[in-house]
Amino acid sequence: QIESPEKKRLRHERISRTVTSHYLKGVYSIPNTKRVKYKSKFNGSIILRSKWELDVARFLDKNNFFWLYEAISIEYFDNEKNKHRTVPDFYIPSHNLIIEVKGLRKDFNNNLNNKIKAIKKNGFNFCLWMEKEIETIRSGKSESLLQNIKKLKKKNA
């Protein structure tokens, strides 16, 4: 389900207020989170959750991909058949592509395979970008990543 930019903005504001409130009350902490503000070519000023996400956003803007950040919510089931929702990082509508940026921390990768299965089952193309892909972007040698994205557009045409 794709949200309109206005609906997404309102959802993010609501989530931000809730997260801030819970954090200030000590209900939970946000471990090792380095929020990064970025002025996107297509999305205006947004807050990203990591420097890796910032690298991906810059890469997508530099290569003129229209993208949305955390615009889709997908239901999935864990190994015990409990229902959850995942909100993938980047969505490129022209390629029906979701790009998920993940570090190596195990708590970030819980249920990752179940999330990927649900994303693909819902008809999306999917790329998981981890340290190798981020280093490729940072090195400026990202032609292989571009080619992978371009292949997906041809596949969907």
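Me: Is strand β8 largely enclosed or open, and why?
Reply: Four of the five residues of strand β8 (residues 125-129) are buried, so the strand is largely enclosed by the rest of the structure. Buried means under 20% relative accessible area, exposed over 50%, and partly exposed in between (1.4 Å probe, protein chains only). Strands (E, at least two residues) and helices (H or I, at least four) are DSSP runs, numbered from the N terminus.

Me: What should I know about the source of the model?
Reply: This is a predicted model, in which local features need pLDDT of at least 70 and side-chain atom pairs count only at pLDDT 80 or more, while totals for chains, interfaces and linings use all residues. Residues are numbered from 1 along each chain as its sequence is written, and side-chain values use heavy atoms, with hydrogens and water left out.

Me: In which sense do β7 and β8 pair?
Reply: Strand β7 (residues 97-101) pairs with β8 in the parallel sense, over five bridges; two strands pair if DSSP finds at least two bridges between them. Leu-97 has Asn-125 as its bridge partner in β8.

Me: And what is the strand order in the sheet?
Reply: The order is β3-β6-β7-β8, an open sheet of four strands with mixed pairing. Its edge strands are β3 (68-69) and β8, each pairing on one side only. Strand β6 (residues 90-92) pairs with β7 in the antiparallel sense over three bridges, and Tyr-91 stands opposite Ile-98 in β7.

Me: Changing topic, where is Asn-148 found?
Reply: Asn-148 is in helix α5 (residues 143-156) and is partly exposed, with a relative accessible area of 38%.
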